[in-house]
Structures are given as C-alpha cells and as structure tokens.
Amino acid sequence: MTTPLRVLVHGGGIGGLTAAVALARRGHTVEVAELRDELDALGVGIIQPSNALHVMREIGLLDACVTAGFAWDVLTICDPVGATLATIPQPRMDGAPACNGIPRPALAEVLGDATAAAGVRIRFGTTISELSDDGSGVEVTLSDGSSARWDLVVGFDGIGSPLRTRLHGDRFSPEYTGFANWRVTVPRLPEVRGVVMSTGNQSAKALLTPITDELMYLGAVFAEEPGFRPDPERAHEQLAERLAAFGGPVAEALSHVKDPDAVVYSRISQVTVEEPWHVGRVVLAGDAAHASTPHLAQGAAMAVEDALVLARSLDAEEDVAAALAAWEARRRPRAMFVQNLSRAILKEEMGVATTPEEDELLKTGIPGAAHVLVKPY
C-alpha cells in the first residue's frame with residue numbers, strides 16, 4: 001500500500017505503542033487514545049523473550065530495552081528448597097538476545113519516548129465514545145468530544161477491551177481459569193542471573209525473574225476462588241503463607257517483602273475471539289483478541305508481533321481489507337498455539353485434568369515451544 005493511512009490506535013499499552021511506532025515510522029499518521037492520564041505501567045516486571053526482542057530490534061528499541069533491563073539466556077529449574085534440577089539454555093531469534101527482564105514502567109518509558117519521537121500524539125484520558133464504519137473510513141468520536149475520520153482503527157485495549165465489547169457484545173468476555181498470579185519486586189539475589197523456577201507439588205510454582213542489576217520479581221501461581229482478593233493489610237503475609245513450603249532463594253526473596261501494598265495480585269484469565277479479529281476497518285489485536293495465561297511468557301510478545309506484522313501487512317497489500325485478512329491469516333495460528341499450550345501447561349502444573357488435544361500439545365513442552373517461537377512470525 002503506497003498511500004499513507006490515518007490510523008487510530010485504541011490503547012497505549014505495550015502492543016498499542018509498538019504499533020504506533022511501527023506505523024508512524026512507515027509514514028502513516030497515527031494517534032493513540034489512552035484511557036489513563038499517563039503511561040504509568042502497572043505491575044512489576046515483564047519477560048521479553050527472543051521473539052519480542054526481535055520486534056524491538058526491528059523498530060529500533062532493542063538497545064534501550066536491554067539497557068533498562070537485565071538480559072539472560074538460561075532458565076534454571078529448582079526443587080522447593082532451591083536445589084538445581086536442570087538448566088535450560090534459551091534459544092535466540094535471528095541473533096536477538098535470548099531473553100530480557102525489564103520493569104514495566106521502564107518499558108513504558110522506552111516505548112513512550114519512541115512514540116513521541118515518531119511524531120505520534122497520545123490523547124490521554126480518552127476512549128472511544130462513538131464509532132461508525134462506512135466501508136471507506138471510520139468516523140470516531142472520543143470521550144473528550146473530539147471527532148475525526150480514520151482509515152483504520154486498531155484495538156490494543158487489553159483483556160477487558162471496550163472495543164471488543166463494542167464489536168461483539170459479551171460473547172468473548174475474559175474466562176477466569178481458576179488461578180491467580182501474585183508478584184512482588186524485591187532486591188535481586190546475586191545467583192539469580194536468569195529466571196529461576198521452583199516447583200513444589202502440583203499446587204504451587206514460584207519464579208524469580210531479574211529485571212535490572214538491582215531488582216528481580218517474585219511471581220507465584222495458586223488456585224484462588226473467583227471472589228478472592230488479598231487483604232490490603234496483610235497481602236504480603238498471605239503470599240508468604242502460600243509459599244511456606246519453599247526454601248532457598250524463594251524464601252530469601254520473601255524475607256524482603258514487608259509491605260502489603262507492594263504485592264500485585266491478578267487473576268489469570270484468557271480471551272479467545274472466535275470470529276474474525278477485524279470487522280470492516282476496525283481490528284482487535286493483542287490481549288483484546290487472544291489473551292493467554294502467562295505460562296510461556298508470551299502475552300506481550302504476541303502483542304508486539306501483532307503490531308509489527310500489521311504494519312508489514314499494510315506495506316505489502318493493495319488495500320486495508322486485504323492487509324487485515326493477510327495479517328489475521330498469519331497471526332491467528334501462532335497466537336492460538338501460544339494460548340492453547342500455555343493453558344495446557346497451567347493445567348498440568350496445577351494438577352488439573354487435560355484434554356487429549358492438550359496432552360498432544362504438552363509433548364512440545366516449554367523448551368520446544370521456545371524453539372518454535374524463535375521461527376519467523
């Protein structure tokens with residue numbers, strides 16, 4: 001496509017800002033509508049596997065990510081007391097680093113700076129109020145009262161996507177898996193130079209992930225009732241109670257957790273939009289279309305892949321409709337592989353019965369999946 005487009009990105013998270021940078025650097029006019037008042041990324045840290053880092057290299061941000069984070073290339077598996085059971089080298093995609101841990105606020109800053117440098121305007125505190133697609137363009141009114149016509153609207157607005165609800169109602173709402181993630185940032189232990197995963201029985205798993213030279217985060221997954229929320233005054237104690245069977249580096253990490261406000265709790269849910277991800281000139285991407293459990297550390301990686309492949313598809317095809325069809329044909333199989341295998345790994349680790357289809361997927365395993373996912377996206 002040789003004619004520059006006007007593109008509205010709905011959502012200023014990792015996928016949305018990556019899309020904004022990739023599109024703007026190709027000459028398209030891009031704006032981002034972001035409901036938050038600033039890019040104040042919530043949460044702790046995030047793993048950028050090699051395929052995500054490959055995308056960052058493609059948009060010129062690899063060095064900034066690695067500088068702000070902690071690069072590593074070996075996954076260590078331990079027993080509950082911290083004895084090493086296995087060390088697994090992580091594969092690289094086309095020469096990109098194997099993995100990088102990075103604080104979410106630092107990644108938001110890297111992407112925010114790149115977005116500004118690309119000339120993209122972010123409209124903070126706004127969301128879509130009205131949307132009308134007439135086939136040749138999309139008329140959009142934002143919550144701040146401004147209106148404009150766009151050639152394409154891209155929804156990177158997360159697992160709770162308002163744009164998905166606008167397109168599909170509640171047919172593809174988040175599905176709670178029955179499990180939740182507890183995470184907290186702590187000082188990095190010298191021996192944690194890559195992800196250290198400690199497994200106990202089939203009811204608990206803890207990970208230590210370095211995100212800077214000074215910091216790492218402790219993450220743990222447990223079965224939790226749908227209505228459960230941590231006690232605001234003793235969330236750190238509740239986390240310690242759940243990890244009481246763990247010693248070694250996990251116990252040492254826990255010894256630094258004194259503040260209940262530091263504990264980040266999130267239910268693990270997934271979304272599968274089973275109908276086309278694009279309706280006319282409006283497209284859903286990232287978690288809005290295919291949110292996965294975190295067990296392959298590929299959620300954000302799938303979002304940034306979506307973003308770059310969308311920009312490339314608009315380059316390659318003659319019109320928007322053809323580009324969106326080509327984009328989805330390429331992205332859906334890969335995203336569904338990640339979602340299905342990640343959910344199967346969650347069930348296996350937590351002692352939940354798996355289906356024959358999931359058993360077949362589990363033969364791939366985490367190391368096998370890592371090798372699959374360093375192939376072209």
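This is a predicted model: local features need pLDDT of at least 70, side-chain atom pairs count only at pLDDT 80 or more; totals for chains, interfaces and linings use all residues.

Student: How many nonpolar, polar and charged residues does the contact of α1 with α9 have?
Tutor: On the α1 side you'll find Ile14, Gly15, Thr18, Ala19, Ala22 and Leu23. Gly counts as polar in this classification. Sorted by class, the contact of α1 with α9 comes to 11 nonpolar, 2 polar and no charged residues.

Student: Are α1 and α9 roughly parallel or roughly antiparallel?
Tutor: The axes of α1 (residues 14-24) and α9 are 8 Å apart, and the angle is about 25°. Angles under 35 degrees count as roughly parallel. The crossing itself is right-handed. So the relation of α1 to α9 is roughly parallel.

Student: What about α2 and α9, which term describes how they are oriented?
Tutor: Helix α2 (residues 50-58) packs on α9 with the axes 9 Å apart, at an angle of about 40°. This crossing is left-handed. Given that angle, α2 therefore sits relative to α9 in an orientation called oblique.

Student: How many charged residues are in the contact of α9 with α10?
Tutor: The α9 residues are Met302, Glu305, Asp306, Val309, Leu310, Ser313 and Leu314, and those of α10 include Trp327, Arg330, Arg331 and Arg334. Along with 10 nonpolar residues and 1 polar one, the charged ones number 5.

Student: Which residue's side chain does arginine 331 join in a polar contact of 2.7 Å?
Tutor: Arginine 331 lies in α10 and counts as buried, at 0% relative accessibility. Beyond its neighbours within four places in sequence, arginine 331 contacts Trp277, Met302, Glu305, Asp306, Val309 and Tyr377. The side-chain partner at 2.7 Å is glutamate 305.

Student: Is arginine 183 buried or exposed?
Tutor: Arginine 183 is in strand β13 (residues 175-187). Leaving out residues up to four places away in sequence, arginine 183 touches Val44, Arg104, Tyr217, Leu218, Gly219, Ala262, Val263, Val264 and Ser266. The relative accessible area of arginine 183 is 13%, so the label is buried.

Student: How far apart in space are arginine 183 and glycine 45?
Tutor: In sequence, arginine 183 and glycine 45 are 138 residues apart. In space, going C-alpha to C-alpha, the separation is 8.8 Å.

Student: Which backbone nitrogen does the side chain of serine 161 reach?
Tutor: Serine 161 is in the loop between β12 (152-155) and α5 (162-168), and it is buried at 0% relative accessible area. Away from its sequence neighbours within four places, serine 161 contacts Leu284 and Ala288. At 2.8 Å, its side chain reaches the backbone nitrogen of arginine 164.

Student: Is aspartate 94 buried or exposed?
Tutor: Look in the loop between β6 (84-89) and β7 (99-103) for aspartate 94. Its phi is positive, near 50°, in a residue other than glycine. With a relative accessible area of 59%, aspartate 94 is exposed.

Student: What is the relative accessible area of alanine 297?
Tutor: Alanine 297 sits in the loop between α8 (287-290) and α9. Its phi is positive too, about 55°, although alanine 297 is not a glycine. Alanine 297 is classed as partly exposed, with a relative accessible area of 25%.

Student: Last one: which helices do the buried residues of α12 pack against?
Tutor: In α12 (residues 365-372), the buried residues are Gly365, Ala369 and Ala370. These buried residues pack against α10 and α11 (356-362).

Key. Residues are numbered from 1 along each chain as its sequence is written. Side-chain values use heavy atoms; hydrogens and water are left out. Contact means heavy atoms within 4.5 Å. Helices (H or I, at least four residues) and strands (E, at least two) are DSSP runs, numbered from the N terminus. Buried means under 20% relative accessible area, exposed over 50%, partly exposed in between (1.4 Å probe, protein chains only). A polar contact is a pair of N or O atoms within 3.5 Å; within protein, one must be able to donate a hydrogen and the other to accept it, and residues adjacent in sequence count only if both atoms are side-chain atoms. Axes are lines fitted to C-alpha atoms, for helices over the stretch in contact, and angles run from 0 to 180 degrees between N-to-C directions. Angles under 35 degrees count as roughly parallel, over 145 as roughly antiparallel, 65 to 115 as roughly perpendicular and the rest as oblique. A crossing is left-handed if the near helix is turned anticlockwise from the far one by less than a right angle, and right-handed if clockwise.
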